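Reader: Please show the sequence and the structure, so that the discussion can proceed from them.

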Amino acid sequence: MPVDRRARPDLRTFIAVGIAGAGVALALVLGMLLLTRGGGEIEVRLGDRDFRNLEVGRISAEIADRGPVLFGDVADGERDIIVQHLGDDPESGWLAFEARRPGQSRDCYFQWRRSEADFVNTCDPDDVVDARGTGLRQLEATVVDGEVRIDINPN
């Protein structure tokens, strides 16, 4: 089947398409510069500053029934925490602390022993901490609008 040579684009068409593409690219670059020009510094924030949505009545009842709650870090596995509640008032007595010693494998964590009212390290039965998690890195736990909030990204 013969090819119609008249249907081929000429050099002027190629140049026009190239200039249009360059114009679009330039407009995109200028648009990005204008959008980022406002503040000088760009704040990058990965993840939330606090761990929340723990309704005080529900979580305090669960802790009273089953013991402190271990929350695994689903992002990178580095900050598994234990949430503990001591006392009868759901609005106070909240504690949060890291679930393992620094540098330990994720397989090693502190497990609640109800009979002893303390935590024992799953990899070292001689490593025991009290119900407050004394000796483990503590995180600030506060109650705001009926929910426990834990500061997981302190400055």
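The questions below concern the disulfide, a helix and a sheet.

Author: This is a predicted model, in which local features need pLDDT of at least 70 and side-chain atom pairs count only at pLDDT 80 or more, while totals for chains, interfaces and linings use all residues. Residues are numbered from 1 along each chain as its sequence is written, and side-chain values use heavy atoms, with hydrogens and water left out.

Reader: What is the handedness of the disulfide of Cys108 and Cys123?

Author: A disulfide is a pair of cysteine sulfur atoms within 2.5 Å, and the sulfur atoms of Cys108 and Cys123 lie 2.0 Å apart. The torsion about their S-S bond is about -90°, so the disulfide is left-handed.

Reader: How many residues apart in sequence are the parts that the pair Cys108 and Cys123 ties together?

Author: Strands (E, at least two residues) and helices (H or I, at least four) are DSSP runs, numbered from the N terminus. The disulfide of Cys108 and Cys123 joins two loops: Cys108 lies between strand S4 (94–98) and strand S5 (110–113), and Cys123 between strand S6 (118–121) and strand S7 (124–130), so the parts tied together are 15 residues apart.

Reader: Is Cys108 buried or exposed?

Author: Buried means under 20% relative accessible area, exposed over 50%, and partly exposed in between (1.4 Å probe, protein chains only). Cys123, at 42%, counts as partly exposed. Cys108 has 9% relative accessibility and therefore counts as buried.

Reader: What arc do the buried residues of H2 cover around the axis?

Author: In helix H2 (residues 56–66), the residues Val56, Ile59, Ser60 and Ile63 are buried. They lie on the same side of H2, because the arc they cover, taken from the directions from the helix axis to the C-beta atoms, is only 100°.

Reader: Which residue caps the N-terminal end of H2?

Author: The cap involves a side-chain oxygen that lies 3.0 Å from the backbone nitrogen of Gly57. This oxygen belongs to Glu55.

Notes: Polar contact = N/O pair within 3.5 Å; in protein donor to acceptor, adjacent residues only side chain to side chain.
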